Amino acid sequence: MKKIITFIGLITACFNVYAQETKVYNITADKVTAQISPTMYGIFFEDINMAADGGVYAELVKNRSFEFNTALAGWQQQQKNGGSGKISVISRSDERPENPHVISVEVTSPTGYFGLSNEGFRGMGIKKGETYSFSVMACKKLKSNTAITVELHSAKGEVIGKAQLTPTATNWQKYNVKFVANYTDSKASLYVWLKGKGSLDLDMISLFPTHTWKNRPAGLRADLVQKLADLKPGFLRFPGGCIVEGRVLANRYQWKKSIGDIDKRENIINRWNTEFDHRPTPDYYQTFGLGFMEYFLTAEDIGASPLPILNCGMACQFNTGQLVPMDQLDPYVQDALDLIEFANGGLDTKWGKLRADLGHPKPFNLKMMGVGNEQWGEQYIERWKIFTKAIKDKYPYIKIISSVGPYAGGKEFDLLNKTFRGLNADILDEHYYNGPKWFLDNAKRYDNYDRKGPKIFAGEYAAQSVTTGSPDNKNNLECALAEAAFMTGLERNADVVTMASYAPLFAHVDAWQWTPDLIWFDNLRSYGTPNYYVQQLYSLNKGTDVVPLLEANEAVSGRDGYYATACLDKNKKELIIKFVNSGANNQPVLFNIAGVKVAGKANVISLGNTNKTIVNSLDKPLAISPISSTINVTGDAVKLTVEPYTFKVIRLKTL
Ligand code: AHR
């Protein structure tokens, strides 16, 4: 008897895996329920995890201007062939308060080499055949006869690139030399050798690849920006994140200090430097080489609407929560107004002219701005009111993004949600970092939101495989599918939800503070996570108009672990179905389509695996990535099987 039961059990198990009953769904393609905003799926950028310095900003030298708290951090004194000398750090804070430190290198030996080396950001990523541009600000002491030799060293200590230059002026001048590397190494370092008795003052010692995004000199890492461009994002939110707020107000992001001459952008400590005891990053600073001008340009390059987030007079409430007194808010408000003028103002305005002087006479077409990052409480509300009035009085067309706090619900959320709805706020910025189950359970979150109230920006979200803040969180398929399932709810409610972005965006594999993240990289390579491909599939298959996809007259949102939506792309004349199978079974599905005629073939893109814990990596970047196929369609029905743990996008031409 026991044997028979076991046998029946086995048959049942097999039946579950291979012979699920077909699920039938009905799509009414001529009944549009919502329009999808062109800015729906965007990017959240923050300089966390060495995303900017050490990441997308292609500078290879760490602490190039000696402004870290330890002025020679990242640098080491070097000598060879009997060379000798001395390095002193000099402060000229009266003259150059924004960039006070320089080094004075004195060579005391008539022969040999004396100098210093830089370790880069966990090494330097150098490529064979690539041209590198070395530059330095130098000032020669009278009678000195000192030349500079620049060398790139591989991790093994071999010279893999070399150049020379001789500073000639006794005032500060910039010198530049280009050379080609002959070896690829992700852990190279830079040596700056001085030869010949005398003394040179040096500052802004810099090394960039000449091949950058759009080949802009001293620009951004092309491979990383390409990953952003490949998302075809609707918007680019910058510069964060808590970095907007700072641990203390002195350490907040000030956009005016992030534009103009690179050696005049004041460096500050990155607020993520000391945030997590388990991931200290003492060498993490902000040079602002990626500053507001670069953010605006990047947004323009990749076709994204710029979305700057500004400090509203509050430091991070998870840290000090420092407040600017209400009667001292003016400079903060003025920063917001000036930023709008910088982005959109005519050439006859102060800030519009500066934009033109920096090389961009055309306006950036700024349409929205965040007041505060992830703030909460009455103190936020009173500051928000001042900002909102000032901005709306002068620029009524700017849509204001308002925080509803760090959590998806609870006391802080309820207060802000109620208050801002009462004040007719434009767009509410909701954040949720929760487990995958939360995302599955909340796919209906917006089904009952007020259709006439503020729009929703799902401004920061990511499924956490362990728990928020855990260093063990993984960007695995289970989390990616939970986000895909949740996003069916964003799409279904596109009349309310107009913007969404995963967070954080980037992480250096050797220097991160926060996980999970959308894109991981080292000094030479990068990969998109399964979560990246979910974002990309939504963005590239966004559509224009939502249409009902129902099972027995109900939205497909969790029953038996399935989630689905449908929309039209009226420009391409296509019907797009998105379907998530969050369970372990193969599921045959049948979509009956009414209201449009569809062509005889459909394109099917699948992202899935039988192992839901699978992740991508630098060595296996495409372990989980979209796979395309074609299926035949008979009449007005689409029939296919959705494999376990799979997200499918089905595109049909409409006739
Ligand atoms: O994305 C990481 C952090 O999470 C952001 O800086 C902050 O806004 C949120 O708490």
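This is a predicted model: local features need pLDDT of at least 70, side-chain atom pairs count only at pLDDT 80 or more; totals for chains, interfaces and linings use all residues.
**Ground rules.** Local features need pLDDT of at least 70, side-chain atom pairs count only at pLDDT 80 or more, and totals for chains, interfaces and linings use all residues. Residues are numbered from 1 along each chain, and side-chain values use heavy atoms, without hydrogens and water.

I then checked its partners; pairing needs at least two DSSP bridges. β6 (residues 101-107) pairs with β14 in the antiparallel sense over five bridges. β9 (residues 131-140) also runs antiparallel to β14, with eight bridges. Asp201 in β14 stands opposite Ser104 and opposite Cys139.

**Largest pocket.** I find a volume of about 880 Å³. A pocket here is an open set of points on a 1 Å grid where a 1.4 Å probe fits, with protein on both sides within 12 Å along at least five of seven lines; lining residues have an atom within 4 Å of a point. Of its 32 lining residues, Pro217, Ala218, Gly219, Ile262 and Glu294 are the closest to the centre. β9, β12 (173-180), β14 and α3 (292-301) each supply at least two lining residues.

**Second largest pocket.** I noted about 370 Å³ of space. Its 21 lining residues include Phe318, Glu374, Tyr433, Thr468 and Trp514, the closest to its centre.

Methods. Helices (H or I, at least four residues) and strands (E, at least two) are DSSP runs, numbered from the N terminus. Grid points are joined across faces, edges and corners, and a volume is the space filled by probe spheres set on the points.
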